[in-house]
Amino acid sequence: FFCFFRYNYEKPTPIQAQALPIILSGRNMIGIAKTGSGKTLAFLLPMFRHIKDQPPLEGDDGPIAIIMTPTRELALQTTKECKKFAKLFNIRCVAVYGGTGISEQIAELKRGAEIIVCTPGRMIDMLAANGGKVTNVRRVTYVVVDEADRMFDMGFEPQVTKILDSIRPDRQTVMFSATFPKQMEALARKTLYKPIEVTVGGRSIVCKDVIQNVLILDDDQKYLKLLELLGIYQPQGSVIVFVDKQEHCDELMKNLLRNSYPCMSLHGGIDQYDRDSTIVDFKSGDMPLMIATSVAARGLDVKDLILVVNYDCPNHYEDYVHRCGRTGRAGNIGYAYTFLTPAQERYAGDIIRALETSNTPIPEELNLLWDGYVKKMEAMGKKVKTGGGFSGHGYKFDSSETQLKDEQKKMQKVVMGLGDSDEDEESQDIDQQIQSLFKSKKSIKAKGDAPVLPNAPTTQNDEASGVTTVNDTASKLELAKKAAARLTFTKSETRDSIQEATTSLFQRGGTLNPTVSSRIVAQQRAGELNQKLNYQKPEEEIQVTEDAFKIFEEELEINDFPQNARWKVTSKETLAHICDYADVGMSVRGQYYPNNKEVAPGDRKLYLQIESLTERGLQLAKAEVARLIKEEMMKMQNPALQLVNRGRYKVV
């Protein structure tokens, strides 16, 4: 308790009063509260209790708790707050973030730490460094995602998901933020199991301790108004001026230095060491004025910060809430001024919404600016709406892309045989053209013998007379194979039945299995009836056995098909696909000859050779080749579909 009184923590804030019992009970939680409400302490205190209940770290153990933040500055600030209490419990805390040398951070991690405060990208680097020997997440059971909406919005979702997926599933996960748009909430709920949602003071609203002002100015008036505000408020405390771009940040800093206002800039293009020193000087009050981009809008806690100036109007609602939230923290009164130019009228709706939710009077000029913008958009036939999130509308097709997509659907219907009557006629014409160009040649090859032509005279065996009408060698060979197949088929049935009966007899200790014995009796009875009726099994029943002696072959000539169709069916991927699909062997033979060139003696035009052990496999392979060629020819007939295969870039 001495530490609480030392840092003036007299009583818990509303978010702390609600969050502490939930987190201490071990439940997952989503905490939504205004900026400056004490969210950091709400997840730190249960974390210390959680860590002290775990066995101490040993050897190569990794951390027990991980805190993920979207920015480096917030990671350093959270680490500083954590160390205030961690030293009382003999708990070590390490900050892991990018922009600095990795060797020092690796050395600290190897010494062991129960808590890691990190940015997601550098944390993944640490987990993968040195073959995973630097640190690991095997013992992590407590995870905090601070400023969760910004974490997902800044593109950290894949990294955060990757880290969470590598941590044990029975972990406790806590997410905190001042705003929580519905799109971000859906992503957060995927990673949390049955979370309890705590909302204090409403979702995404500016704190009531911030006095908001909106001024509509021209671009050349903004700088003079800024100088006026600095003259009024800077003697009372620190000031942050927010701009939209790094170039504007540096340019405004130079102008203020010329007018004898000492200041520093903070944005993503500055080296990490300079960013750290800027934050330290600004927090300590050595440099009371800072020009920054939205990189400083999240989680930055500066005492005696009296004024926030949105020199460039934020382009979405959540950014406005977080910028204004840098002041008016911990019960202090703060001021926020937003400069809005007539050209930025599309942002007026979000500003009006922020003022309404915080019960702040809306200037008449702002209402007129927004009403004029809405009328102008309605005259152009466009609908205007304001809402949370980060202005994402999803992917939309333009007219050319919509037409292309429709043509693709039509082509797929035609290829699958689901087209309309006109398309069916076109499809039938292409099918006839493909079959005529194939010039298919079929043959059947005997295993271990010369190929047998399909139009060879068939042999017939008249068992009643015992006379054969064919005397050639091939016919005798066929007769011998059929007789052997029939004999093998019959013997195999008898042998299998006897073997099954014997196995059943020995396994049951001298008694036959009822199902086996009944089947044997049935087979014997059927054999007796066949002998009395002089019944012979039809040829189809032993066709499978006879086919074991054959290899089916077919040659499909593809020389005269268009170039795209030839490329498609002769590519390695296509050949591998057809071989797996139809269980056949395929190879490309011959050579391509244009129509005006004669075929060389002993050579052949380009063709596909297909081999299969079954005639069914041959049919499947041929049908798939025809389908692929048909698809390519349909594309050629429709120029719009040829855009599908074009790359985005080209080499000039």
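At 64% relative accessibility, Asp-583 counts as exposed, where exposed means over 50% relative accessible area, buried under 20% and partly exposed in between, with a 1.4 Å probe and protein chains only. Asp-583 sits in the loop between α21 (572-582) and β19 (585-589), and its phi is near 55 degrees, a positive value in a residue other than glycine.

## Basis of the model

The model is predicted, and local features need pLDDT of at least 70, side-chain atom pairs count only at pLDDT 80 or more, while totals for chains, interfaces and linings use all residues. Residues are numbered from 1 along each chain as its sequence is written, and side-chain values use heavy atoms, with hydrogens and water left out.

## Overall composition

The secondary structure of the protein comes to 22 helices and 20 strands, and of its 652 residues 44% count as buried. Its accessible surface comes to about 36000 Å², of which 52% belongs to carbon and sulfur atoms; the areas come from the Shrake-Rupley method with a 1.4 Å probe, and for residues only the protein chains shown count as cover.

Contact means heavy atoms within 4.5 Å. Among contacts between residues at least 6 apart in sequence, 73% join residues at least 24 apart.

## The parallel sheet

An open sheet is formed by 7 strands in the order β3-β4-β2-β5-β6-β1-β7, and the pairing is parallel; two strands pair if DSSP finds at least two bridges between them. At the edges stand β3 (93-96) and β7 (196-200), each with a single partner strand, so one side of each is left without a neighbour in the sheet. Neighbouring strands of this sheet are turned by 15 degrees against each other on average, direction ignored.

Within this sheet, strand β2 (residues 65-68) and strand β4 (residues 115-118) pair in the parallel sense over 4 bridges, and Met-68 stands opposite Cys-118 in β4. Helix α5 (residues 102-110) lies across β3 and β4 and runs at about 150 degrees to β3, where axes are lines fitted to C-alpha atoms, for helices over the stretch in contact, and angles run from 0 to 180 degrees between N-to-C directions.

## Strand β20 and its antiparallel partners

Strand β20 (residues 607-612) is mostly covered, with 5 of its 6 residues buried. Strand β18 (residues 550-557) runs antiparallel to β20 and is joined to it by 6 bridges, with Glu-557 standing opposite Tyr-607 in β20.

β19 and β20 also pair in the antiparallel sense, over 5 bridges. The bridge partner of Gly-585 in β20 is Glu-611.

## Cysteines

The structure holds 0 disulfides, a disulfide being a pair of cysteine sulfur atoms within 2.5 Å. For Cys-82, the closest cysteine sulfur lies in Cys-93 at 3.6 Å, too far for a bond, and Cys-82 counts as buried at 0% relative accessibility. Cys-324 is likewise in no disulfide, the nearest cysteine sulfur being that of Cys-313, 9.8 Å away; Cys-324 too counts as buried, at 0% relative accessibility.

## Aromatic pairs

The structure holds 7 aromatic pairs; rings of Phe, Tyr and Trp (its six-membered ring) pair if their centres lie within 6.5 Å, with planes under 30 degrees apart counted as stacked, over 60 as edge-to-face and the rest as tilted. One of these is the stacked pair of Phe-48 and Phe-89, at 5.4 Å centre to centre and 25 degrees between the planes. The pair links distant parts of the chain, 41 residues apart, with Phe-48 in helix α3 (residues 39-52) and Phe-89 in the loop between α4 (72-86) and β3. Phe-48 is buried, with a relative accessible area of 2%, whereas Phe-89 counts as partly exposed at 34% relative accessibility.

The rings of Tyr-233 and Tyr-337 have their centres 5.9 Å apart and their planes at 55 degrees, so the pair is tilted. This pair also links distant parts of the chain, 104 residues apart, with Tyr-233 in helix α9 (residues 219-233) and Tyr-337 in strand β13 (residues 334-340), and both Tyr-233 and Tyr-337 are buried. Phe-48, Phe-85 and Phe-89 form one aromatic cluster.

Note on methods:
Helix = DSSP H or I, 4+ residues; strand = E, 2+ residues; numbered from the N terminus.
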